[in-house]
Amino acid sequence: MKKLLNILALVGICLSMASCSDEKDVIIIEGNLPIKTANFYMVGNATPAGWNIDEPVALTRSEEDPLVFVYNGPLYRGEIKCPLSTGNWGCNYVMPITHYIEINKEGCKETTFDLVNGGNPDKKWNVTEAGIYTLTFDLRNWTIDVKYESKLPLEIATLYIVGNATPAGWNIDEPVQLTKTEPSVFVYDGPLYQGEMKCPISTGNWGGDFIMPLTDQTEIDSNGCAEKEFDFVKGGNPDKKWNVTESGNYKLTFDLRNWSIDVVYKSAL
């Protein structure tokens, strides 16, 4: 019996020593693990897909590194977040660390991002300057690189004005159509009344794309327009309108190449 106890004690000592040795070999990994995903998307009114979670913009996986996804193309003023799957707002997302961190010509001041399970809390990038961009998401190092490539050319076939300041009123089915005088220039020459207006690029759908002022209720009067630059708003949200404060006959010229509106007051009604 005594011999058996000695053997058990010896085994215990050996196990204890092995345990101590194992503890010395433990390696603590600091930082984030790589995000492994087959697909990577962008959604938001700053993207060509708008807020369509069923068909968001798919980014391209880098041939050199399967953990890097790249987008090169147009971004509009508005919001972005990055779902890892489609068809479900409650999926996992890549989002900025700081809600509403800006993306513009200077890039993005915050180069790291967050992985948000279930999309809550909801955080988005805020694109404050439209243009052609290259966005590179490194899922190994949890970083985003933003490069502004060029000004965004607006290429649309038709442009209309709608609102109680226009002869069409709020009739989205038959708004006033502008005249295309050059490939990137649309002109309206006619009466405007005191009231609001905005510019759909198609008819019959309030959820379509619009040209709108940068600032809601930007005034139009006999002195012209208080703000020369306009905005291109995917899906018409957020809703912004020009406010005509003085009725008269006007000539409105929309230059899509330079994203500007020129207003000339011609005469009283």
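Biologist: Which residue in β12 is the bridge partner of Val-68?

Modeller: This is a predicted model, in which local features need pLDDT of at least 70, side-chain atom pairs count only at pLDDT 80 or more, and totals for chains, interfaces and linings use all residues. Residues are numbered from 1 along each chain as its sequence is written, and side-chain values use heavy atoms, without hydrogens and water. Strands are DSSP runs (E, at least two residues) numbered from the N terminus; β4 and β12 (residues 131-138) run antiparallel and are joined by eight bridges. In β12, Val-68 has as its bridge partner Asp-138.

Biologist: How many residues lie between β3 and β4 in their hairpin?

Modeller: β3 and β4 run antiparallel, with Thr-60 opposite Val-70 in β4. The number of residues between the two strands of this hairpin is six.

Biologist: Is Lys-234 buried or exposed?

Modeller: Lys-234 sits in the loop between β23 (230-233) and β24 (242-244). Buried means under 20% relative accessible area, exposed over 50%, and partly exposed in between (1.4 Å probe, protein chains only). Lys-234 has a relative accessible area of 15%, so this residue is buried.

Biologist: Which side chain is joined to that of Lys-234 by a polar contact of 3.2 Å?

Modeller: Contact means heavy atoms within 4.5 Å; leaving aside neighbours within four places in sequence, Lys-234 is in contact with Asn-45, Thr-47, Pro-48, Tyr-76 and Asp-209. A polar contact is a pair of N or O atoms within 3.5 Å; within protein, one must be able to donate a hydrogen and the other to accept it, and residues adjacent in sequence count only if both atoms are side-chain atoms. The backbone oxygen of Pro-48 lies 3.5 Å from a polar atom of the Lys-234 side chain. At 3.2 Å, the side chain joined to that of Lys-234 belongs to Asp-209.

Biologist: How many residues has the largest nonpolar core?

Modeller: A nonpolar core is a set of buried Ala, Val, Leu, Ile, Met, Phe, Trp, Tyr and Cys residues joined through side-chain atoms within 4.5 Å. Among those with the most contacts inside the largest core are Trp-242 and Phe-254. The number of residues in this core is 31.

Methods: Helices (H or I, at least four residues) and strands (E, at least two) are DSSP runs, numbered from the N terminus. Two strands pair if DSSP finds at least two bridges between them.
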